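Work through the following exercises with the sequence and the model side by side. Each one sets a task and then gives a solution in steps.

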Amino acid sequence: MRRVVVVGASAAGLAAAETLRRTGYDGTVTLVGDEPHAPYDRPPLSKQILGGEWDAGRLPLRGRDELDALGLDLRLGVAATGLDPAGRTVALADGAEVPYDGLVVATGVRPRRLPGDGGAHVLRTLDDALGLRDRLTAGTRLVVVGAGFLGAEAAAVARGLGAEVTLLEPAPVPLAPAVGEEVGRVLSRAHLDHGVDLRTGVTVTEVTGDGVRLADGGRVAADEVLVAVGSVPNTEWLEGSGLAVGNGLECDEFSAAAPGVYGAGDVACWHNPLFGTAMRIEHRTNATEQGVAAARNLLAPGPEARRPYQPVPYFWSDQYGMRIQAYGHLRGHEEVAVVEGSLEEGAEGAFLAAYRRGDRLTGVLAVGMSPRVLREWRRSIAAGARWADTVRRAPARA
């Protein structure tokens, strides 16, 4: 194997490229990215960058000297437009065709949009964050559509800047499918306590020039609108390639999509043997870990030398000075138990909720808990601990 192409120049793609070099691979590594920027960190976009605490110079994942030391064939500002597995080439928007012996697909996701939202903001790239930041001043009326973690973080930052924030969410309880209704209510309470106009059970059908239109015919006025209603995996360039594409690029337990082709990061939907299910994860930690795993399996001397990618997923969110952290697979849970602290204190207190599926502990979510406590629970999840052996307290209502 003398030529490896990594499509996607963000955390997952960079991790794959660095792993190739660390393991001694001395062939050509082509790193393709559709943005003109060198690989940078995305989580600060909805926090420190949006809030004006950081400038863009703090975002790059590696300095120029570090990138140069990797000896990459770096193709930035050009998107991949097609894949020919038979000919083993990747087509680029500038007309180039890049040959490969091994390929890592790390093209990430793009924000979903709403009808009529030509003037609405989304929040995925550095340019998105800077564009919205320039519009957020004291008294700005901001409507955020979608109360998931991204929308919630942006709402919290905007309130800190003095904006008047309306947060619209179609579900009765924000985040309930992921974290449960009781925990979802606690996390939502923080917005109400900080003056956000949180409206649940509200569906936005269209973004207009002066706000948004609702399914019931009502309108919500705004100076600026941020749409945070989920994302779409960037797989269009793989059409006609023969690779399986559904909820992202479909991969096996090794993150392989086809012989010599691996997926990594937000775009990859792979079978996680630890939980016995397929998952696609849009979190920073997974991007790096899967990029490393994909590169190692790509270079494995034979199929038997590959290792299944079976992490305990991790994510975090910062809102109003509150650090939310979670390990494991929370979606699809059948029971929630508060095993540390109390939900009655709300987001101002500290608590840890455990999640069950079948007879297993599959995840935990914590607010205000020490890293030591979280590490202990993570070890239990990784070991496949039985619920009855790890959870002692009566469960809260899921």
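**Exercise 1: a covered helix**

Helix H1 is mostly covered, since 10 of its 12 residues are buried, where buried means under 20% relative accessible area, exposed over 50%, and partly exposed in between (1.4 Å probe, protein chains only). Helices (H or I, at least four residues) and strands (E, at least two) are DSSP runs, numbered from the N terminus. The model is a predicted one, in which local features need pLDDT of at least 70 and side-chain atom pairs count only at pLDDT 80 or more, while totals for chains, interfaces and linings use all residues. Residues are numbered from 1 along each chain as its sequence is written, and side-chain values use heavy atoms, with hydrogens and water left out.

**Exercise 2: salt bridges**

Task: state how many salt bridges a search of the whole structure finds, and examine the pairs of Asp101 with Arg3, Glu35 with Arg42, and Glu206 with Arg213.

Solution. Step one is the criterion: a salt bridge is a side-chain nitrogen of Lys or Arg within 4 Å of a carboxyl oxygen of Asp or Glu. Side chains of opposite charge can pair when their charged atoms come close. The search of the whole structure finds 22 salt bridges.

Step two takes Asp101 and Arg3, whose closest N and O atoms are 3.6 Å apart. Asp101 lies in the loop between strand S6 (97-99) and strand S7 (102-105), and Arg3 in strand S1 (residues 3-7), so the pair ties together parts that are 98 residues apart in sequence. Asp101 is partly exposed, with a relative accessible area of 25%, and Arg3 is partly exposed at 35%.

Step three turns to Glu35 and Arg42, which meet at 2.9 Å, N to O, and which are both buried.

Step four concerns Glu206 and Arg213, with closest N and O atoms 2.2 Å apart; Glu206 is partly exposed at 28% relative accessibility, and Arg213 is partly exposed at 23%. Elsewhere, salt bridges that share partners join Glu181, Glu182 and Arg185 into one network.

**Exercise 3: cysteines**

Solution. Step one is the criterion, a pair of cysteine sulfur atoms within 2.5 Å, and by it the search of the whole structure finds 0 disulfides. Step three is burial, where Cys251 is buried at 11% relative accessibility and Cys269 is buried at 12%.

**Exercise 4: enclosed and open space**

Task: describe the volume of the largest cavity and its lining, then do likewise for the second largest pocket.

Solution. Step one is the method: on a 1 Å grid over the protein atoms alone, a cavity is a set of points where a 1.4 Å probe fits but cannot get out, a pocket is an open set with protein on both sides within 12 Å along at least five of seven lines, and lining residues have an atom within 4 Å of a point. Grid points are joined across faces, edges and corners, and a volume is the space filled by probe spheres set on the points.

Step two finds 1 cavity of 30 Å³ or more, and the volume of the largest cavity is about 70 Å³. Its lining includes Phe149, Leu175, His191 and Ile324, and helix H6 (181-193) and helix H4 (149-160) are the elements that give two or more residues to it. H6 provides the largest share, 4 residues.

Step three looks at Leu175, whose phi is near 70°, a positive value in a residue other than glycine. Leu175 lies in the loop between strand S10 (164-169) and helix H5 (176-179), and is buried at 15% relative accessibility.

Step four is the second largest pocket, with about 200 Å³ of space, whose lining includes Glu289, Arg296, Arg307 and Tyr309.
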